Amino acid sequence: MPDDLNIGFGAPRGQEWALWRVLIRKGINSVQFIAAQIKAFALSMEKRAKTDQIDAELIARFMTVRPKAGRALPDEKLQVLRALTVRRSQMVEARKRLPIQISARRKQDVSAELKHMEVISKHLLRAKSASLNNGLKVSS
């Protein structure tokens with residue numbers, strides 16, 4: 001592999017950590033870009049469409065214009081904290097959606113069995129959120 005190989009990618013909310021660690025172990029310079037950076041760059045180039053191919057091309061161009069931009073792989077503790085934060089955010093969103101879904105099912109006159117499953121889901125989401133909150137407090 002060439003020594004000057006650089007890899008840049010967007011931030012897919014924590015799914016990049018394993019690949020990023022492998023790239024670093026292989027000695028490949030890799031950086032992550034915040035979505036807002038790439039979006040601003042896309043707008044400056046009058047690119048409005050958004051596909052994986054367009055994103056990849058924009059990131060490659062951005063890296064040539066701003067070779068020192070992007071952030072390096074954070075240490076392991078910060079990776080864990082970020083993963084917990086992302087998961088907590090996902091759980092909060094799920095908890096927000098659940099009452100709306102329950103209300104819609106009630107209007108549809110769903111069976112008692114489905115209502116029971118929704119109540120259990122709600123309790124599980126609360127418990128998982130509490131667990132994640134405790135994990136964030138311990139990690140910080």
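Rings of Phe, Tyr and Trp (its six-membered ring) are taken as a pair if their centres lie within 6.5 Å, with planes under 30 degrees apart called stacked, over 60 edge-to-face and the rest tilted. By this rule there are 3 aromatic pairs. The model is predicted, with pLDDT of at least 70 required for local features and 80 or more for side-chain atom pairs, while totals for chains, interfaces and linings use all residues. Residues are numbered from 1 along each chain as its sequence is written, and side-chain values rest on heavy atoms, without hydrogens and water.

**Overall layout**

The chain contains 5 helices and 2 strands; helices (H or I, at least four residues) and strands (E, at least two) are DSSP runs, numbered from the N terminus. Their order from the N terminus is β-α-β-α-α-α-α. The chain has 140 residues, of which 24% count as buried. Here buried means under 20% relative accessible area, exposed means over 50%, and partly exposed lies in between (1.4 Å probe, protein chains only). Among contacts (heavy atoms within 4.5 Å) between residues at least 6 apart in sequence, 59% join residues at least 24 apart.

**Aromatic pairs**

Two of the pairs are set out below.

| Pair | Distance between ring centres | Angle between planes | Type |
|---|---|---|---|
| Phe9 and Trp20 | 5.1 Å | 85 degrees | edge-to-face |
| Phe33 and Phe62 | 5.3 Å | 85 degrees | edge-to-face |

Phe9 belongs to strand 1 and Trp20 to helix 1 (residues 17-25), so this pair ties together parts that are 11 residues apart in sequence. Phe9 counts as buried at 15% relative accessibility, and Trp20 counts as buried at 0%.

**Surroundings of Ala69**

Ala69 is placed in the loop between helix 3 and helix 4 (76-107). Its relative accessible area is 8%, so Ala69 is buried. Leaving aside neighbours within four places in sequence, Ala69 touches Val31, Phe33, Gln37 and Phe62. Val31 is 38 residues from Ala69 in sequence, and their C-alpha atoms are 8.1 Å apart.

**Helix 2 and the residue after it**

Which residues of helix 2 are buried? They are Ile38, Phe41 and Ala42. An α-helix has 3.6 residues a turn, so residues three or four places apart point the same way. Ala36, Lys39 and Ser44 are exposed on the other side of helix 2. Helix 3 is included in what covers the buried residues of helix 2.

Glu46 lies in the loop between helix 2 and helix 3, just after helix 2. Although Glu46 is not a glycine, its phi is positive, at about 60 degrees. With 68% relative accessibility, Glu46 counts as exposed.

**The largest pocket**

A pocket is found on a 1 Å grid over the protein atoms alone, as an open set of points where a 1.4 Å probe fits, with protein on both sides within 12 Å along at least five of seven lines; lining residues have an atom within 4 Å of a point. Grid points are joined across faces, edges and corners, and the volume is the space filled by probe spheres set on the points. The largest pocket has a volume of about 380 Å³. It is lined by 19 residues, and Ala35, Ile38, Lys39, Lys50 and Asp55 are the closest to its centre.

Strand 1 (6-9), helix 2 (35-44) and helix 3 (52-65) each provide at least two residues of this lining. Helix 3 gives the most, with 6 residues. The lining comprises 11 nonpolar, 2 polar and 6 charged residues, where Ala, Val, Leu, Ile, Met, Phe, Trp, Tyr, Cys and Pro count as nonpolar, Asp, Glu, Lys and Arg as charged, and the others, Gly among them, as polar.

**Arg126**

Arg126 lies in helix 5 (residues 112-139) and is partly exposed, with a relative accessible area of 40%. The C-alpha atoms of Arg126 and Met91 are separated by 8.5 Å, and the two residues are 35 apart along the chain.
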